[in-house]
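Subject: Structure for your study

Dear colleague,

Please find below the structure that I would like to hand over to you.

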Amino acid sequence: MSALVSLRNLRVSFDGQAALRGIDLDVAAGEAVGLVGESGCGKSVTWLAALGLLPGKARVTGSATLQGQELLGTAPATLDRVRGGRIAMIFQDPASSLNPVIRIGRQVEEALRLHRGMRGAAARAEAKRLFDQVGIPDAARRLDAWPHELSGGQNQRVMIAIALAGRPELLVADEPTTALDVTIQAQILTLLQDLRRDTGMALVLISHDLGVVADSCDRVCVMYAGRIVEQAPVARLFAAPTHPYTRGLLGALPPLDGPRRRLAAIGGSVPEPWAMPRGCAFAPRCAERSPACDLAVPDAVHLASGHQAACIRATAMDLLKETVAA
Amino acid sequence: MTPMLEAKGLVRRYAMRRGLMGRSVEVRAVDGVSLSVERGRTLGLVGESGCGKSTTGRLVLGLEAPDAGSVAFQDKPMPPAGTPAWRALRSRMQMVFQDPLGALDRRLPIGAQVQEPLDIHAIGEAKDRPARAIEALRAVGLRPDQAARYPHELSGGQRQRAVLARALATEPALLVCDEPISALDVSIQAQVMNLLMEQQERLGLGILFISHDLRAVRQVSHRVAVMYLGTIVEEGEPDAVLHDPAHPYAQALVSAIPHPGRTGNRIVLQGDPPNPADRPTGCAFHPRCPVATAFCAREAPVLKPRNSDGRLVACHVAQGDVAPAVTQRAA
Amino acid sequence: MIRFLGSRLLRAAITIVMVVTFAFVVLRLSGDPAQIIMGADAPPEAVDAFRAAWGLDRPVWIQYFHYFGAILQGDLGRSMRDGRDAIVLVAERIPATLALTLPALAIKVGLGIPAGITAALHRNSFIDRAVMMLAVAGFTVPSFVLGLLLVLVFAVQLGWLPSGGQDSWRHAILPIITLGIGGAAVLARFTRSAMLEVLGQPYIRTASAKGVPWRAVVWGHALPNAAIPTVTIVGFMVGSLIAGAVVVESVFSWPGVGRLLVVAVANRDLAVVQCILLLVAMTMVTSNLIVDLLYGLLDPRLRNQPKRAAGIA
């Protein structure tokens with residue numbers, strides 16, 4: 001199966017400081033991939049870089065292809081057709097992601113005009129249909145509302161309607177529910193799942209919350225300090241987390257049942273970009289650190305079908321386990 | 001034994017103006033909340049934005065005066081704000097906010113900021129205070145040499161530790177934490193929760209832990225109260241409320257917790273979080289409630305023990321007073 | 001809306017009363033108009049007669065109330081110098097002033113706003129630095145210095161343009177440029193920072209992410225938002241159309257309202273000074289009111305917010 005989007009050795013630096021240190025990632029058509037990590041790990045930067053949305057001072061190298069077409073360094077006109085047309089993106093804070101001085105209907109119609117050549121009454125009718133599709137009540141009247149008149153959840157639905165306007169093959173949702181209340185988060189996640197089922201588009205869900213990703217994705221990539229440290233099908237990641245960081249993240253999540261124990265917090269904090277260790281970036285916080293960890297950045301090791309981890313100890317341990325199993 | 005902190009029937013109203021030219025509307029942010037916190041115990045207060053949980057936190061600290069109701073701390077009523085007695089109480093009750101960077105003074109090293117409450121309340125000998133400040137930093141897992149650091153030189157988790165060190169320096173009896181971990185990364189959240197529980201054990205702290213995160217609340221609390229639109233709708237042991245929520249709102253909250261390997265369907269509530277300026281009649285939750293009846297729209301339920309197990313719940317249906325409405329709405 | 005306008009008008013009225021009172025107090029306490037107008041060696045009887053004729057012999061607070069009562073009836077008084085109605089004297093000068101300030105306003109807006117936008121769009125580039133350097137120079141150099149510099153270069157050295165007077169349109173060029181440059185510099189800096197602020201907003205990223213070409217992002221998404229703060233400054237400039245040229249008119253001996261004000265203050269010609277101040281206060285207040293209304297037009301968030309729908313299906 002060839003990938004819809006392929007990132008190869010994607011690197012980003014700001015003012016000489018690396019934010020992304022070599023991302024390799026494939027997203028297949030119709031697939032839902034979760035990207036998990038803590039703030040500053042580069043999970044948003046990855047997709048902003050691929051779509052050319054980073055500020056001018058960012059240096060981006062590597063490759064990001066959409067069905068074989070290179071996106072990095074492409075002519076703006078080409079990129080504008082991809083953005084919103086083939087890859088759409090929604091963001092964390094829906095209230096400030098919509099233009100405050102433009103009626104929400106017009107913001108949807110703008111995307112319809114750009115990507116589907118629709119204007120006037122046709123665009124308005126389609127915008128109304130999109131509002132209905134994303135569950136905005138009283139859609140016809142809401143077309144003329146301003147962003148500030150809507151709640152955060154409703155604004156996020158408007159953002160999703162804008163994203164759907166270009167009939168994208170991939171929707172990148174960057175922390176789409178972080179700014180929302182718990183019950184509204186559930187609404188938006190359910191909506192995203194329904195839309196993916198109905199339209200067949202692929203979904204990249206960026207989140208700091210393993211639970212959110214687990215709920216809505218087929219495959220999860222865990223990022224740390226600008227690299228993917230582990231990726232696996234979602235069930236496998238939770239059943240057999242291999243990278244110590246992934247295990248740490250799961251251990252830090254307070255359980256919902258069972259006896260209450262002290263949480264297995266990961267000590268220390270993420271290394272600063274200017275003080276990145278030479279070897280494994282997680283080594284300074286890792287309980288299983290060995291001298292070998294500091295020698296070089298560990299490569300991703302294939303562990304099982306679709307399961308890779310970038311940890312030198314993972315190899316030995318899991319190969320052994322698989323050998324025993326065989 | 002009477003609880004260390006007891007709040008009864010707290011009400012707080014605000015006048016809110018809509019827009020530039022709008023007329024003002026009365027908003028009841030807190031509408032009859034009673035709660036108590038015991039020594040060495042944590043009460044978790046859960047709810048969504050605008051439910052009045054933060055206002056409740058400020059009311060029990062005496063930072064705001066309630067329009068009705070009373071707060072008693074260690075068996076004495078809360079003195080009026082600004083009086084010497086009220087000021088003296090500040091060292092006994094402390095608050096920790098969501099944003100540690102905003103809570104710290106950017107221009108002062110954290111050591112000085114931790115020492116400040118000791119100076120203000122004249123705790124201990126002046127010459128011993130720097131050492132006590134260092135001790136407070138050490139207790140929350142910061143190194144003595146970090147006392148000389150400025151807030152921006154610390155990571156988010158370290159800043160929240162510094163805030164906690166400052167709050168605990170006066171060895172308070174009560175700590176009100178308003179979303180103390182929501183701005184932090186998952187791994188750091190765990191550090192701060194562990195730290196809170198350690199300090200509670202060390203100092204016998206009573207904690208009011210305000211959060212929207214049920215997972216975190218279960219982890220640190222001995223009791224949990226769920227708030228909706230200014231009132232407590234359910235209260236009980238964390239595991240009881242989490243595993244068998246009685247109030248339909250609590251049920252929805254619990255089912256909305258995202259977690260790996262979920263079994264069963266998520267209850268997706270319709271509609272937006274309610275607007276306190278536009279409070280529905282009867283039970284405030286009825287417009288979003290999957291089982292609400294016509295009676296719920298008329299009569300507001302009161303928080304009282306359920307017959308079966310004594311769980312405190314404010315819901316006509318959960319109390320068995322009315323039969324649940326049949327609905328196809330639940331997704 | 002009516003309530004909003006009402007409160008604005010009330011505030012405007014209070015502002016005007018304060019300005020008029022302030023002018024009265026300062027002018028009446030800083031010198032004796034009779035002595036100044038009649039001359040130092042005028043006979044005391046003549047000075048006394050002048051005082052009696054103009055009511056200057058009555059207590060100050062009675063003069064104040066008389067003056068105020070007259071204003072309320074639309075009578076702005078007569079010039080003590082030549083006895084003509086103050087309002088006529090001032091009105092005669094307004095066209096001359098507008099002949100300077102209106103073209104200058106066009107320069108401010110036409111030069112300042114595009115320069116600010118260009119600088120913001122090329123942030124930290126050579127263009128940005130050049131524009132900002134010129135802007136800093138433009139508003140740090142006082143207008144009388146700039147005016148004299150221009151006179152030195154274009155009138156004295158090159159002899160291309162006259163240095164003062166009001167005989168032809170050529171006389172207006174230097175004062176207009178002097179007035180325009182300072183304002184353009186202020187506006188450029190202000191527009192640049194407003195634009196930079198807007199360009200950093202998430203909705204600009206959203207627009208790019210949905211495939212809006214960059215030009216359209218700037219014109220359709222950024223500018224309407226950046227216009228909101230910029231309107232304040234332009235409004236202020238409109239408000240100073242009448243009296244913003246005092247210094248420049250003096251430098252170029254241009255017979256406008258500003259020159260009249262300078263002469264009237266020197267003469268303690270109370271009615272004329274107050275008439276001008278009243279006019280200035282009224283233009284200021286009116287332009288502020290217009291700015292407020294424009295805000296409502298440009299920014300939907302400031303309009304009367306309809307009740308947020310509960311959104312229940």
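Helices (H or I, at least four residues) and strands (E, at least two) are DSSP runs, numbered from the N terminus. This is a predicted model, in which local features need pLDDT of at least 70 and side-chain atom pairs count only at pLDDT 80 or more, while totals for chains, interfaces and linings use all residues. Residues are numbered from 1 along each chain as its sequence is written, and chains are lettered from A and ligands numbered from 1 in the order in which they are written.

Chain C

Chain C has 13 helices and zero strands. Its radius of gyration, taken over C-alpha atoms, is 25 Å. Along its principal axes, the C-alpha trace of chain C spans about 85 × 65 × 30 Å.

A residue is called buried if 20 or more other C-beta atoms lie within 10 Å of its own, exposed if 12 or fewer do, and partly exposed in between; the C-beta atoms are placed from the backbone. By this rule, 35% of the 313 residues of chain C count as buried. Two residues are in contact if their C-beta atoms, placed from the backbone, lie within 7 Å. Among the contacts in chain C with a separation of 6 or more, 73% join residues 24 or more positions apart.

An unreviewed UniProt entry carries the annotation "domain: ABC transmembrane type-1" for residues 94–295 of chain C. UniProt positions are given here in the numbering used for the model, feature names are shortened, and annotations may be inferred rather than shown by experiment. This span is 82% helix and 0% strand, and its end C-alpha atoms lie 29 Å apart.

Chain A

For chain A, the UniProt annotation "domain: ABC transporter", also from an unreviewed entry, covers residues 5–250. That span is 41% helix and 26% strand, with its end C-alpha atoms 28 Å apart.

Chain A contains an open sheet of eight strands in the order β6-β7-β8-β3-β9-β10-β12-β11, with mixed pairing. Two strands pair if DSSP finds at least two bridges between them. At the edges stand β6 (87–90) and β11 (301–304) of chain A; each has a single partner strand, so one side of each is left without a neighbour in the sheet. Within the sheet, β3 (residues 32–36) and β8 (residues 202–207) of chain A pair in the parallel sense over five bridges. Val33(A) has Val204(A) as its bridge partner in β8(A).

Helix α11 (residues 244–252) of chain A lies across β9 (219–224) and β10 (227–233) of chain A, and runs at about 100 degrees to β9(A). For such angles, axes are lines fitted to C-alpha atoms, for helices over the stretch in contact, and the angles run from 0 to 180 degrees between N-to-C directions.

Chain B

Chain B also has an open sheet of eight strands with mixed pairing, in the order β6-β7-β8-β3-β9-β10-β12-β11. Its edge strands are β6 (93–96) and β11 (304–305) of chain B. β11(B) pairs with β12 (residues 312–313) of chain B in the antiparallel sense over two bridges, and Lys304(B) has Val313(B) as its bridge partner in β12(B). Helix α10(B) packs on the sheet, where it touches β3 (42–46), β9 (223–228) and β10 (231–236) of chain B.

β6(B) pairs in the parallel sense with β7 (residues 174–178) of chain B over four bridges, and Met95(B) stands opposite Val176(B) in β7(B).

Where chains A and B meet

In this interface, 35 residues of chain B are in contact with 34 residues of chain A. The largest share of the side of chain B that touches chain A, eight residues, comes from α7(B).

Arg266(B) is found in the loop between α10 and α11 (294–298) of chain B. With 19 C-beta neighbours inside 10 Å, Arg266(B) counts as partly exposed. Leaving aside residues up to four places away in sequence, Arg266(B) touches Ala186(A), Thr190(A), Ser255(B) and Ala256(B).

Yours sincerely

How values were computed: Rg over C-alpha atoms; globule rule 2.2 N^0.38 Å.
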